[in-house]
Amino acid sequence: MIDLGEGAIPTWTTSTQTEPLTCCGDETNEHVVPITGKEYLKVYLSPATTWDFNTSTSVYTSPDYQVYDFPSLKGQGRTDVFDPEARAFHLGLALGDYSSYRIFKLTAPNRVVVDVYH
């Protein structure tokens, strides 16, 4: 679940890949996010940001990555770097065997839910 606070709920797109997730920036400073799965789900939210432009501080409070020991969800990790022009948030999930998922929004409070089926 991605808590969004007040305001409009961003749109989202997804993609999957079998290569490990990477973060942050261009090819010269990218590194592999240390989560392992059979497949990786990338979720892109836009417009969204992890930065408070009024105070010049990060509002992202989750760890950059976290490992899980579930059959279908093996981990999650942030796969973006702060970019004031893009106004996008990127998150990756490491999936296990036979994983399927759905993404939907909830309101009051606003959030985007990535529901991974086990």
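Reader: In what order do the elements of the chain run from the N terminus on?

Author: Helices (H or I, at least four residues) and strands (E, at least two) are taken here as DSSP runs, numbered from the N terminus. This is a predicted model, in which local features need pLDDT of at least 70 and side-chain atom pairs count only at pLDDT 80 or more, while totals for chains, interfaces and linings use all residues. Residues are numbered from 1 along each chain as its sequence is written, and side-chain values use heavy atoms, with hydrogens and water left out. The secondary structure comes to zero helices and twelve strands, and from the N terminus on the elements run β-β-β-β-β-β-β-β-β-β-β-β.

Reader: Why does the chain count as being as compact as a globular protein of its length?

Author: The radius of gyration is taken over C-alpha atoms, and the globule rule is 2.2 Å times the number of residues to the power 0.38. For 118 residues that rule gives 13 Å, and the chain is as compact as a globular protein of that length because its radius of gyration is close to this, at 14 Å.

Reader: Which strand order does the open sheet of three strands have?

Author: Two strands pair if DSSP finds at least two bridges between them. Three bridges join β1 to β12 (residues 110-117), and these two strands run antiparallel; within this pairing, Ile2 has Val112 of β12 as its bridge partner. The edge strands, each pairing on one side only, are β1 (2-5) and β11 (100-106). The pairing in this sheet is antiparallel and the order is β1-β12-β11.

Reader: Which strands stand at the edges of the open sheet of five strands, each with a single partner strand?

Author: This open sheet has antiparallel pairing and the order β2-β5-β10-β9-β8. Each edge strand has a single partner, so one side of each is left without a neighbour in the sheet, and these strands are β2 (11-17) and β8 (65-67).

Reader: Which residue in β10 does Gly75 stand opposite?

Author: Strand β9 (residues 73-78) and strand β10 (residues 89-95) run antiparallel and are joined by five bridges. In β10, the residue opposite Gly75 is Ala94.

Reader: What percentage of contacts in the chain between residues at least 6 apart in sequence join residues at least 24 apart?

Author: Contact means heavy atoms within 4.5 Å. Among contacts between residues at least 6 apart in sequence, the share that joins residues at least 24 apart is 58%.
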